[in-house]
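Let's take a walk through a protein model with two chains, piece by piece. Keep the 3D view open and follow along as we go.

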Amino acid sequence: MADTIVDSKKQGGLLGKEDMKLLKDPLHSNNPLTIQVLGICSALAVTGSVSKSLVMAVALIFVCAASSLIISLLRNSIPSSIRMIVQLLVIAGLVQIVEIVLGAFAYTAYVELSVFIGLIITNCIVMGRLEAFAMGNNPKQAFLDGIGNGLGYGWILVAMAVVRELFGKGTFMGWTILPTGPDGWYVANNLMVLPASSLFVIGIFIWIQRAVDPELVDKS
Amino acid sequence: MGEKKEMNVYAYVFMITSVTALVLSLLYTSLNPIFEANRAEAKKVAILSCIPDSTIVLEDPESVKTAYDSVKMIAITTSGQIYTKKDLDKINEMATGGAKKYGELAELDLANEEKRTEENRLYPVYEYKASNGKKTYVVAIRGNGLWDKIWGYIALEEDLNTISGIYFDHKNETPGLGAEIKDSDAFKKQFIGKKVFEKDNVALTVLKRPKKGEHYVTGISGATITCDGVTAMFAKGMSKYETYFDQLKNKK
């Protein structure tokens, strides 16, 4: 019996087993940041504060999911010679939408993130998923894959930010946890505030992840 | 299996770019007014945040509006000429060098004024009168940080010399270092009570090593160039207001 390939329709309900795999894999076993090692650049820049990372994560989930959906819908009609240009156009257009919407409805977040919203266009995860998945799969699965990868990126981003903000400034989302300043006992670790610290924080995350799940270690 | 029929590349490009352009321009025209309103609001909050009046509440747009109603804004030139809201047309006539024209006086922005020639350049003065009659004057200064522009609003007491409040912002300074001029409350607090002018010169300096004195403020570790930029910003920016301040003092 062809049990291994489960047709999502036979499962009933909205999301079949295969579909759930698309959502769950990028959270751990195929995480875009720690396993595929894509999109590290923005992880350096915004993880200094939790609130910035949350906004960035939401923005990326939207761009990744929407672009995957759109490109999947268009995949059979895009002339092959301009394939990547069309992908870029879709990504850039969506990022513009995010910028305009943030500027109008979440102005403080817009000011905080400033250039980094525009840099989502250059985030390898988005283009990577379009090429690797959306171009060859149906819209529903591409959409779920986009959300899954966005979530995988988002949770690592926020986790890094919690570490960097706590040890770099002694706060969490602006609230003081470790008191710094003249009356506090905690001497803020200034290295954690600088982007370079994200490199080894993410290295430590990759280490922990592979220690917890040895299956993920490269066998080569 | 037949060959996949591809649409003509140029037709496709035309189609997809038209659709994208249409969607983006529709969104932009409908949301841009809200965005501009947000920017204007943020500017008002920045100015009001300098004013040392504990009755000012900046929680919601309503209270910001009420507080800002007590602010009287004028524009001055280095030669001491004063322009008010009523002189908007004259102000726009002076917009040389490709500087943008203003829809109202509140839009006056130093970044735009930089494009004008010095004789035509305007500097804002925001006069706030508290309920107990005490006046605060907020002025705007602009200069260069390490990577790009920095700017600030300085609130002065009625002697037009003692700083009573301060707000700094920057385009692209390093987070944790140069950006601390905006984020560090400890840094900004130092300015309160310090005096800007010594006789006729701007004397306020941000120093590397702490030094006692009414003109000295200690800088931020690792942000020397940004702090030097702040000193230079004060020297250049505050000197523009000297003629106007002398006029005000003589009137009293």
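Leaving aside its neighbours within four places in sequence, which residues is B:C50 in contact with?

## Starting from one cysteine

Before we dig in, keep in mind that this is a predicted model. Now for that question: setting aside neighbours within four places in sequence, B:C50 is in contact with B:V138, B:Y153, B:I154, B:A155, B:G165, B:I166 and B:Y167.

B:C50 also belongs to the largest nonpolar core, which has 49 residues. Together with B:V138, B:V139, B:I154 and B:A155, B:C50 touches the most other members of that core. Strand 5 of chain B gives the most to this core, with six residues. There is also a second, separate core of 46 residues, and A:A43, A:L94, A:Y110 and A:A134 are among them.

Move along to B:I51, which sits in the loop between helix 1 and helix 2 (61-69) of chain B. Is B:I51 buried or exposed? B:I51 counts as buried, because it has 23 C-beta neighbours inside 10 Å, and the cut-off for being buried is 20 or more.

What does B:I51 touch? Ignoring neighbours within four places in sequence, B:I51 is in contact with B:I56, B:Y128, B:T136, B:V138, B:A155 and B:G165.

## A sheet of six strands

Next, look for the sheet in chain B. Six strands form an open sheet in the order 2-1-3-4-5-6, and the pairing is antiparallel. Strand 2 (82-83) and strand 6 of chain B stand at the edges with a single partner strand each, so one side of each is left without a neighbour in the sheet. Elsewhere in the sheet, strand 1 (residues 71-76) and strand 3 (residues 123-129) of chain B pair in the antiparallel sense over six bridges. One pair to spot there is B:V71 with its bridge partner B:Y128 in strand 3 of chain B.

## Strand 5 and its partners

Strand 4 and strand 5 of chain B pair in the antiparallel sense over eight bridges, and a hairpin joins the two through four residues. In this pairing, B:V138 stands opposite B:A155 in strand 5 of chain B.

Strand 5 and strand 6 (residues 163-170) of chain B also pair in the antiparallel sense, over seven bridges. Here B:I150 stands opposite B:H170, and B:G152 stands opposite B:F168. The hairpin of these two strands has six residues between the strands, and B:L160 takes a positive phi near 55°.

How many residues of strand 5 of chain B are buried? Seven of its eight are, and the strand is mostly covered. Strand 6 of chain B has seven of its eight residues buried too, so it is largely enclosed by the rest of the structure.

## A helix with a buried side

Now find helix 7 (residues 224-239) of chain B. At 1.5 Å a residue, its 16 residues should span 22 Å, and its end C-alpha atoms are 23 Å apart, which agrees.

Its buried residues are B:T226, B:C227, B:G229, B:V230, B:M233, B:F234, B:G237 and B:M238. They cover an arc of only 145° around the axis, which puts them on the same side of helix 7 of chain B. The buried residues of helix 7 of chain B pack against several elements of chain B, including strand 4 (135-144), strand 5 (149-156) and helix 5 (180-183).

Chain A has eleven helices and two strands. Of its 220 residues, 38% count as buried. Its C-alpha trace spans about 65 × 45 × 35 Å along the principal axes.

Where the chains meet, the contact takes 19 residues from chain B and 19 residues from chain A. The largest share of chain B's side, 14 residues, comes from helix 1 (residues 9-50) of chain B. By class, the side of chain B that touches chain A has 15 nonpolar, three polar and one charged residues.

Terms used
Residues are numbered from 1 along each chain as its sequence is written. Chains are lettered from A and ligands numbered from 1 in the order in which they are written. This is a predicted model: local features need pLDDT of at least 70, side-chain atom pairs count only at pLDDT 80 or more; totals for chains, interfaces and linings use all residues. A residue is buried if 20 or more other C-beta atoms lie within 10 Å of its own, exposed if 12 or fewer, and partly exposed in between; C-beta atoms are placed from the backbone. The expected span of a helix is 1.5 Å times one less than its number of residues. The arc is that of the directions from the helix axis to the C-beta atoms. Two residues are in contact if their C-beta atoms, placed from the backbone, lie within 7 Å. A nonpolar core is a set of buried Ala, Val, Leu, Ile, Met, Phe, Trp, Tyr and Cys residues joined through C-beta atoms within 7 Å. Ala, Val, Leu, Ile, Met, Phe, Trp, Tyr, Cys and Pro count as nonpolar, Asp, Glu, Lys and Arg as charged, and the others, Gly among them, as polar. Two strands pair if DSSP finds at least two bridges between them.
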